[in-house]
Amino acid sequence: MSTVLFREVPVSSPVHNLWAGTKMIGVFLISLVLMFLPSWPVLGVMVVFLIAIGVLARLPLSTLPRLPWWFWAMVGAGALINVPIGADAVLRYTNVLVFGLILLAASFLIAWTTPMGDIAPALAKLGAPLRKLRVPVDEWAVVIALMLRGLPLLMEEIRVLRAARRLRPHDRLIHRAADNPLVDILTAAMAVSSRRATELGEAITARGGTGQLTAHPSSPGRNDAIALSVSIAVCLGAVVLDLLI
């Protein structure tokens, strides 16, 4: 799976210019509606809404991930397991699958249209009321932001390690029972991740500490109010459509 899933697509669009917190609230509203009303009409409305956002964001078709074969194999196996139970079970399984894909697509839209540096300040601002309850909002925001920033690096390192292992000469005359490719790759990935984490920690310390990650000024504007109004209207429209049908 391409690491573009976790990187901003460098194009200019109204969606890219929105505050990161606005997009997070929009995804929360979508997930909230789907949690209580995961019907086919609601799913259809959300699919159309996300496609419209993707078009408005000017995301190229190459942004869409090419899911590996084993993902589709697992999907097919799940469908086959539900076939003996009946058509209703298959339909319910498909409903849950579409539900999950919609939530993933909504989350990916945030990553595709938002610089990683804007995530931590937005999370800190959204969680500001929790500071009165002595919740470590800033620390949580920093952890989430660093995790999102580190995932593409980790995936890229694993891809390089896999390619390097395939190029390694293999001696057919010597069979080693302990030669496990998965263990080798995971061990190397952990070593590389530790080195990357050390370098990242030193860089953050040199720039003033983790507090600088949430100190970046960020606040919503008029376009964010419009975007939230549209999101609320779409969610309410989906609820009304479900009640009518």
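Hi everyone. Before I start, one working definition: when I say that two residues touch, I mean that they have heavy atoms within 4.5 Å. And please keep in mind that this is a predicted model.

Let's begin with Met46. Leaving aside residues up to four places away in sequence, Met46 touches Ile30, Val33, Leu34, Ile102, Cys235 and Ala238. Some of those names come back when we look at the largest nonpolar core, which has 28 residues. Ile30, Leu34, Ile102 and Met46 itself are the members that touch the most other members there. Which elements give two or more residues to this core? They are helix H1 (20-36), helix H2 (40-56), H4, helix H5 (119-126) and helix H9 (222-244).

Now for the aromatics. The structure holds two aromatic pairs. In one, Phe71 and Trp72 have ring centres 5.2 Å apart, and the pair is edge-to-face because the planes are at 80°, where over 60 degrees is what counts. Phe71 is partly exposed, at 21% relative accessible area.

The other pair is Phe108 with Trp112. Their ring centres are 5.9 Å apart and their planes are at 35°, so this pair is tilted. Where do these two residues sit? Both are in helix H4 (residues 87-113), and because they are four residues apart, about one helical turn separates them.

Are they buried or exposed? Phe108 is buried, with a relative accessible area of 17%, and Trp112 counts as buried too, at 6% relative accessibility; the cut-off behind both calls is under 20%.

Key. Residues numbered from 1 in each chain as written. Predicted model: local features only at pLDDT ≥ 70, side-chain atom pairs only at ≥ 80, totals over all residues. Heavy atoms only, no water. Phe/Tyr/Trp six-rings, centres within 6.5 Å; stacked < 30°, edge-to-face > 60°. Buried < 20%, exposed > 50% of the residue type's maximum accessible area, 1.4 Å probe, protein only. Core = buried A, V, L, I, M, F, W, Y, C linked by side-chain atoms within 4.5 Å.
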